[in-house]
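Thanks for coming. I'll take a few minutes on one interface, and I'll keep to what can be read from the model on the screen.

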Protein chains: 2
Amino acid sequence: MTFLQNEKLSAAIASLQTTWHEQIPITRYMALEIKHANQTHIVLTAPVAPNINVHQTMFAGSIYTLATLCGWGAIHLAMKNQQVSGDIVLSSAEIDYKKPITKNPIATADWGNIDLDYKSLTNKMKVKITIAVELNVGNEHVATFHGVYVILPKD
Amino acid sequence: MTFLQNEKLSAAIASLQTTWHEQIPITRYMALEIKHANQTHIVLTAPVAPNINVHQTMFAGSIYTLATLCGWGAIHLAMKNQQVSGDIVLSSAEIDYKKPITKNPIATADWGNIDLDYKSLTNKMKVKITIAVELNVGNEHVATFHGVYVILPKD
């Protein structure tokens with residue numbers, strides 16, 4: 001497997017965050033950001049304040065949204081790395097909330113081990129990928145998400 | 001089972017929507033609203049525009065949020081009906097997206113058949129409830145959500 005050079009990785013992250021903020025405006029409202037990424041992982045965060053709920057903790061919908069985009073970003077980076085294009089859509093997902101969240105959570109997904117099924121994609125066939133996203137606050141594990149995404153090849 | 005009188009039901013719905021908009025500010029951004037409720041069901045909706053994604057369809061995170069609050073609202077009405085109080089929190093959930101959403105979806109949950117385990121609640125024990133929410137656009141079924149909620153008795 002080849003790896004994105006660091007400057008390409010930085011550019012891919014900056015571009016992805018701009019795309020989300022411009023084209024999924026609720027992410028801007030949430031102040032969702034890509035905290036960093038390296039050759040294997042992508043890490044997102046969002047502040048609690050705009051995502052607060054009636055219990056003064058982070059809203060379940062915002063936690064889920066943070067997780068879905070972390071998984072989406074992981075696939076996006078794997079695709080950039082393999083130089084394939086396609087639309088990423090979420091097909092189904094499940095989430096388990098373990099603790100109330102009172103400080104900015106960190107969502108992490110592993111993109112280095114994603115098997116993109118390069119052959120199917122280059123043959124214009126859609127590909128299904130399951131991604132796990134872990135959410136932590138400090139050392140505390142606060143939620144786990146599993147999303148089933150589909151990559152639709154571009155015509 | 002007793003039923004909420006219509007004027008109490010209307011008041012409960014108006015109050016719930018105000019609570020959401022004031023205390024979960026992202027719901028105001030989403031323009032989420034309680035479309036109506038009757039003695040058995042609660043129905044929510046949200047416009048696509050503020051909830052758009054990169055594919056010009058409704059964002060998966062917003063669809064999920066609409067569903068979670070529909071389930072939450074169903075439990076809230078059942079609690080009002082049984083005159084019990086407590087905090088409703090989402091413990092886990094799963095969602096299956098069936099179609100891209102291009103027009104305002106309608107989320108529906110059945111609250112008339114919720115078994116609140118009144119005895120446990122009045123004994124200050126927490127209660128777990130699973131709610132199904134169906135999302136439709138016109139006659140088309142676009143997503144299904146199942147949420148496991150917990151009611152935490154108030155001290």
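Start with the polar side of the interface between chain B and chain A: nine residue pairs are in polar contact across it, both residues of each pair at pLDDT 80 or more. Bear in mind that this is a predicted model. As for salt bridges between chain B and chain A, the count is zero.

Which elements of chain B give two or more residues to the side that touches chain A? They are α1 (6-23), α2 (25-29), α3 (60-82) and β3 (86-97). Of these, β3(B) gives the largest share, with eleven residues. Sorted by class, that side of chain B has 19 nonpolar residues, eleven polar and three charged.

Now the extent. Chain B brings 33 residues to the contact, and chain A brings 33 residues as well. The area buried between the two chains is about 2600 Å², and carbon and sulfur atoms give 65% of that. On the chain B side, three residues stand out: Ile26(B), Val54(B) and Phe59(B) supply 22% of the area that chain B buries against chain A, more than any other three residues.

Last, the strands. How does β3 of chain A, residues 86-97, run relative to β3(B)? The two run antiparallel, and five bridges join them. If you want a place to look on the screen, find Asp96(A), which stands opposite Ser92(B) in β3(B).

That's what I have; I'll take questions.

Notes:
Residues are numbered from 1 along each chain as its sequence is written. Chains are lettered from A and ligands numbered from 1 in the order in which they are written. This is a predicted model: local features need pLDDT of at least 70, side-chain atom pairs count only at pLDDT 80 or more; totals for chains, interfaces and linings use all residues. Side-chain values use heavy atoms; hydrogens and water are left out. Contact means heavy atoms within 4.5 Å. Buried area is the accessible area (1.4 Å probe) that two parts lose on being put together, summed over both. A salt bridge is a side-chain nitrogen of Lys or Arg within 4 Å of a carboxyl oxygen of Asp or Glu. A polar contact is a pair of N or O atoms within 3.5 Å; within protein, one must be able to donate a hydrogen and the other to accept it, and residues adjacent in sequence count only if both atoms are side-chain atoms. Helices (H or I, at least four residues) and strands (E, at least two) are DSSP runs, numbered from the N terminus. Ala, Val, Leu, Ile, Met, Phe, Trp, Tyr, Cys and Pro count as nonpolar, Asp, Glu, Lys and Arg as charged, and the others, Gly among them, as polar. Two strands pair if DSSP finds at least two bridges between them.
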